[in-house]
Amino acid sequence: MPPTLASLVQHSALKLTVRAGEDRLETPVRWAHVSELADPVPYMEGGELLLVTAMTLDAEDHEAMRRYVRRLVGAGVVGLGFAVGVYYEDIPDALVDAAKEEGLPLLAVPRRTPFLAISKAVSAANAADQYRAVTAGFEAQRELTRAALAEGPDGVVARLATHIDGWAALYDASGAVVAAAPEWAARRAARLTGDVERLRERPAPASAVVGDTDDDRVELQSLGTGRRVRGALAVGTGAPLGTAERYAVHSAVALLTLSTERSRALQAAEQRLGAAVLRMLLSGQQDHARAVAGDLYGGLLDAPFRLLIAESAGEPDPAAEHPLQAFAELLESAAARAGEAVLAVPDIDDRLVVLAADGGAVVAACATAYADKESEDAAVVVGLSATTGPIAAAGAYKQAEQALSVARRRGRALVEHEELASGSILPLLADDAVRAFADGMLRALYEHDATGRGDLVASLRAWLSRHGQWDAAAADLGVHRHTLRYRMRRVEEILGRSLDDPDVRMELWLSLKTTSAPSTE
């Protein structure tokens with residue numbers, strides 16, 4: 001603790017006595033300063049014990065002393081030491097009354113106690129307090145370092161909470177709470193996600209002080225060494241951090257930042273390993289993939305998984321974080337919170353390929369973030385395969401690619417392969433290339449009908465819908481079957497195609513459905 005007015009009064013060599021402000025003696029003293037100026041306020045910084053002999057003061061003037069003391073209190077002076085027996089045999093009543101009115105501690109300094117002795121006492125106490133703080137800070141650093149090596153980030157957070165006599169919480173790159181101490185602090189930390197998000201928008205290192213009340217002071221510190229913030233640390237206390245506590249927080253920030261950077265290096269190595277595992281799976285070497293993955297991805301490869309392919313929805317902003325990097329961090333954070341394994345590797349086509357457990361937190365996080373979004377409102381576009389296993393990984397990759405292509409075409413942020421398999425094929429044909437083919441194939445029939453020489457398009461549609469049954473199709477049209485036969489011969493003549501060919505019938509039917517469908521879905 002720094003020196004206080006009470007500790008100075010209790011100092012046996014100083015012989016100080018209290019004449020006013022007895023209830024404020026526990027106030028810390030930053031420095032003892034001598035000034036005989038009538039107005040020393042411009043030279044005060046706050047926290048000083050001001051020492052005077054009243055050489056230039058009219059200490060017996062009540063109004064002058066009220067103004068003098070009021071200005072000292074306003075400047076943050078914590079106490080006034082008055083030398084008795086120099087210019088005044090005792091402290092004048094005017095000064096005592098003014099000090100009592102303003103609540104300013106007033107100490108009587110006997111003639112035999114030099115001001116220098118008080119200054120030395122304050123200086124020595126501050127130096128001792130600083131030494132204790134530095135020593136405690138180094139001890140906290142050693143303990144936090146041991147915790148980091150033995151227990152990882154969780155241990156650092158737990159030890160830090162003890163050292164600051166408060167609570168601490170660690171956030172990952174997505175702003176999610178990954179460690180908190182004590183346990184109840186996780187709920188408090190979760191309410192600060194908005195403040196953490198604003199902190200993440202600032203280059204590291206950055207800090208901010210937030211809090212709901214005066215008794216709940218929370219300091220946020222960013223973690224990271226570059227432009228990208230890799231996490232954040234929150235510490236909650238009932239008062240501003242002292243020197244020793246500040247040392248502990250700085251040590252924790254350094255250790256957690258080193259842990260984050262080390263994790264990034266390990267993540268890069270894991271990413272290279274994951275790319276090799278993925279190549280083996282797609283080439284049908286699932287046994288080799290399991291052997292290479294070992295315990296790192298082994299559990300993932302032994303259970304049903306989904307394969308996901310993501311690419312940027314638009315042209316990435318060079319000045320901002322790459323959308324695929326942010327997307328990967330979202331999925332990895334979801335996996336970490338759920339204790340799941342996830343394999344996420346960049347593809348050669350500037351895409352991200354992800355293997356995630358079927359029904360797990362990663363797939364759920366992806367669906368929650370992107371399922372109902374249009375691609376123009378999302379940073380990435382995602383295609384998701386059906387549930388699969390190592391043997392069928394190559395097929396799942398094609399499914400994810402197909403779903404990604406459909407998502408692009410439909411303007412969707414996420415499309416699952418099940419949507420394509422369980423729905424109609426017609427929406428998949430609703431793009432310009434298919435419509436151009438259909439229009440070209442049927443144009444001659446539409447031009448024929450436009451001259452009023454028959455209704456070949458409607459007749460073709462009715463005949464195809466009845467699978468070539470003449471009587472049923474003719475009945476639908478309200479014409480004789482011979483009339484329908486004549487029209488179908490005209491269709492063959494105009495198109496130069498035989499309706500006996502099943503491929504021709506299929507192309508004509510799809511062309512009819514495509515041209516009658518809306519241009520966009």
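1. Leu 352 in S13 is the bridge partner of Pro 346. Strands (E, at least two residues) and helices (H or I, at least four) are DSSP runs, numbered from the N terminus.

2. The model is predicted: local features need pLDDT of at least 70, side-chain atom pairs count only at pLDDT 80 or more, and totals for chains, interfaces and linings use all residues. Residues are numbered from 1 along each chain as its sequence is written, and side-chain values use heavy atoms, with hydrogens and water left out.

3. An open sheet of 5 strands has the order S12-S13-S11-S14-S15, with mixed pairing. Its edge strands, S12 (342–346) and S15 (414–416), each pair on one side only. From one strand to the next, the twist averages 15 degrees.

4. Helix H10 (residues 323–338) lies across S11 (305–312), S12, S13 and S14 (380–384), at about 155 degrees to S11. Helix H12 (residues 393–410) lies across S11, S13, S14 and S15, at about 40 degrees to S11. Angles run from 0 to 180 degrees between N-to-C directions, with axes fitted to C-alpha atoms, for helices over the stretch in contact; contact means heavy atoms within 4.5 Å.

5. The axes of H15 (residues 456–465) and H16 (residues 470–477) come within 8 Å and cross at roughly 135 degrees. The contact is made by Ala 458, Ser 459, Ala 462 and Trp 463 of H15 and Trp 470, Ala 473 and Leu 477 of H16.

How values were computed. Two strands pair if DSSP finds at least two bridges between them.
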